[in-house]
Amino acid sequence: MKKISLIVLTLCLSAFALMAQAPTKLNVKLLNNHFQQVELTGAYGSSITRYASADIKNDQFTMTVSLPNDIYKFDFGNGSTMLVVITPGETVDMTLDAENLQQIVSVTGSESLGYVKNMAYLAMHRKEVVDSINAELQKDKDKIYWTDFAQKFNLYRQTNDDVDNYLLDGFGDIDTIYNIFSRSIANGKVKGAAVEDCADVANRKLKKLEINYNPYANYQENVDRYYDFSGKRVDGFAEFYRVFDEYQSDLHARHQIAKQSIGSLMPTVKALLAERDSLAYNNLWDKKGNQAKWANRVATELYPSLKGMKDQETAYRNLMKNDKQNADYLVTQSQANVSQVVAKYQKAYNEQDAYLTARLKDEIRQHKDDIAVLMFLDIFPREQNTELHNEVITALHNKYPDHLIVKDRWNYMNSPASKVAIGAIAPDLEFPDPNGKMRKLSDLRGKVVLLDFWASWCGPCRRENPNVTNIYSKYHDKGFEVFSVSLDSDAASWKRAIEADKLVWPNHVSDLKKWQSQAAAIYGVRSIPSTFLLDKEGRIVKRDLRGADLENAVRQLVGE
């Protein structure tokens with residue numbers, strides 16, 4: 001869930017020369033006061049100017065200052081500060097809470113500070129809405145249930161998969177023992193020439209079989225303690241629980257196969273291994289007679305029980321196939337159930353956020369020529385709110401043309417870099433294609449567009465072309481277009497590269513001026529490849545993406 005917090009703009013130092021101003025009187029009352037003194041300082045900059053100070057007595061103070069209309073700061077010490085707007089000639093009565101200097105409790109006598117109060121409240125309320133919806137989501141019983149189920153079942157499934165691997169390995173050990181003894185037994189005994197090999201294989205594989213069976217035995221002993229799914233089920237999910245019950249049933253069935261097959265062998269396996277280890281411990285194993293005796297014991301006590309184990313393994317594997325499909329469904333569906341619950345709260349958040357965002361933007365626009373708006377404009381990043389920023393900075397520049405912050409932003413807004421920055425509407429281009437037909441970038445409005453600056457002589461461009469053609473083939477039918485601007489100077493080379501690289505889209509343009517290309521100048525392109533990804537409104541949303549990053553961005557924009 002997206003988190004929103006009040007952002008107070010960090011501004012650059014203003015260089016207003018102090019001129020004669022009508023005095024501003026500030027009468028401030030403090031609730032929950034624990035401060036003793038306050039200074040009025042500049043709000044921003046590397047060196048802070050101190051304009052006035054006052055002692056706080058009886059939880060209040062008064063300041064009278066003659067300062068230009070601008071943003072300043074109350075500094076109460078120990079990092080406790082608050083932004084305040086000074087407007088010449090006003091007498092302001094305001095109440096602050098020393099425990100929450102982000103908001104103004106009450107204010108009269110200043111339209112700017114009244115605006116600050118309302119904006120701070122709306123911004124804080126916006127954050128509170130998110131926190132409240134998040135809190136409700138975390139307590140939602142369905143969300144808790146499905147999240148717990150998904151997490152627990154994922155671990156349960158992984159444990160079952162691990163046990164399956166151990167048991168299948170065990171079936172493999174049994175198969176190896178069965179095959180070598182099948183070839184080596186005559187008249188009920190192991191052939192003399194095969195004794196050593198049979199004894200060696202049986203010893204190694206029986207030890208491995210015991211090791212592989214132990215996790216299964218441990219699982220059977222502890223599974224109910226760690227993976228209890230017997231709690232109350234949620235109504236309305238009959239199919240989900242039917243699949244879960246089938247998963248459990250198949251799991252139980254194959255574990256019964258393991259118990260009745262491999263499990264039935266384990267007492268004999270343990271006895272045989274105990275005898276072999278005893279012989280080895282007493283240095284008697286290397287005597288061929290003892291190896292033959294032990295191998296024949298395997299042949300008579302264990303080998304007959306191994307017949308038919310391959311069929312048991314096949315039955316086990318068949319049950320695993322069905323269980324895998326069911327487990328995949330249960331994992332996917334339980335996660336989808338969590339997502340459905342989250343989506344409900346996301347919808348509530350989106351509605352509240354859209355409403356409060358609209359109110360905040362409306363307040364900004366209504367007070368766009370008030371210097372106080374700089375305290376809140378960057379709540380909305382320029383990249384996603386270019387028009388709002390341009391509208392506000394234009395209004396402020398008309399009123400405060402010499403204010404250094406306003407001037408700085410005005411200059412950026414009118415710079416070439418701003419025209420092609422993320423969030424800006426892409427400047428239009430109109431140039432001839434290889435056949436001399438004029439093609440305009442703006443004619444593709446309503447489509448997701450990759451504006452691609454390249455050239456036939458550019459190696460990196462040519463290496464990226466296969467990726468672009470692949471993305472075009474995948475997403476063209478869903479509303480994706482490519483507008484290629486070549487920085488070639490030779491028309492024949494340009495046309496050959498288009499054909500050779502199979503750049504099948506029709507929107508290829510160039511003025512054949514290489515680095516003097518007008519299109520490159522408009523977009524500030526100084527190296528290639530250089531790309532600009534435009535949304536359906538013609539807004540620049542990404543720059544210079546390659547490979548998978550480009551495809552992911554295109555897929556999101558076309559809504560897939």
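A salt bridge is a side-chain nitrogen of Lys or Arg within 4 Å of a carboxyl oxygen of Asp or Glu. The exercises below use that term and a few others.

The model is predicted: local features need pLDDT of at least 70, side-chain atom pairs count only at pLDDT 80 or more, and totals for chains, interfaces and linings use all residues. Residues are numbered from 1 along each chain as its sequence is written, and side-chain values use heavy atoms, with hydrogens and water left out.

**Exercise 1. Lys208 and Asp169**

Task: Find the N to O distance between the side chains of Lys208 and Asp169, and decide what contact they make.

Solution. 
Step 1. The distance is 3.0 Å, N to O, and the two side chains meet in a salt bridge.
Step 2. Helices here are DSSP runs of H or I with at least four residues, strands are runs of E with at least two, and both are numbered from the N terminus.
Step 3. Check accessibility. Buried means under 20% relative accessible area, exposed over 50%, and partly exposed in between (1.4 Å probe, protein chains only). Lys208 has 29% relative accessibility and counts as partly exposed. Asp169, at 33%, also counts as partly exposed.

**Exercise 2. Arg157 and its network**

Task: State how far apart the closest N and O atoms of Arg157 and Asp328 are. Then name the residues that salt bridges with shared partners join into one network with them.

Solution. 
Step 1. The closest N and O atoms are 2.3 Å apart, and the pair forms a salt bridge.
Step 2. Arg157 sits in helix α2 (residues 141–184) and Asp328 in helix α8 (residues 309–366). The pair links distant parts of the chain, 171 residues apart.
Step 3. Arg157 counts as buried at 16% relative accessibility. Asp328 is partly exposed at 30%.
Step 4. Now a pair elsewhere. Arg539 and Glu387 meet through their side chains in a salt bridge of 2.9 Å, N to O. Arg539 is in the loop between β16 (530–534) and β17 (540–543), and Glu387 is in helix α9 (residues 386–399), so this pair ties together parts 152 residues apart in sequence. Glu387 is partly exposed, at 39% relative accessible area.
Step 5. For the total, the whole structure holds 33 salt bridges.

**Exercise 3. The nonpolar cores**

Task: Name the members of the largest nonpolar core that touch the most other members.

Solution. 
Step 1. A nonpolar core is a set of buried Ala, Val, Leu, Ile, Met, Phe, Trp, Tyr and Cys residues joined through side-chain atoms within 4.5 Å.
Step 2. The largest core has 64 residues, and Leu40, Phe61, Phe74, Phe76 and Met94 touch the most other members.
Step 3. Helix α1 (residues 111–139) gives the most to this core, with 10 residues.
Step 4. A second, separate core has 59 residues, including Ala202, Leu206, Val269 and Ala292.

**Exercise 4. The disulfide**

Task: Determine the handedness of the link between Cys458 and Cys461.

Solution. 
Step 1. A disulfide is a pair of cysteine sulfur atoms within 2.5 Å. The sulfur atoms of Cys458 and Cys461 are 2.3 Å apart and form one.
Step 2. The angle about the S-S bond is 75°, and the link is right-handed.
Step 3. Cys458 is buried at 5% relative accessibility, and Cys461 is buried at 2%.
Step 4. A search of the whole structure finds one disulfide.

**Exercise 5. Backbone exceptions**

Task: Find the phi of Asn283 and the omega of the bond joining Ile528 and Pro529.

Solution. 
Step 1. Most residues other than glycine have a negative phi, and most peptide bonds are trans.
Step 2. Asn283 has a positive phi, near 60°. Asn283 lies in the loop between α5 (262–281) and α6 (288–301), and is exposed at 67% relative accessibility.
Step 3. Ile528 and Pro529 are joined by a cis peptide bond, with omega about 5°. Pro529 lies in the loop between α14 (518–522) and β16.
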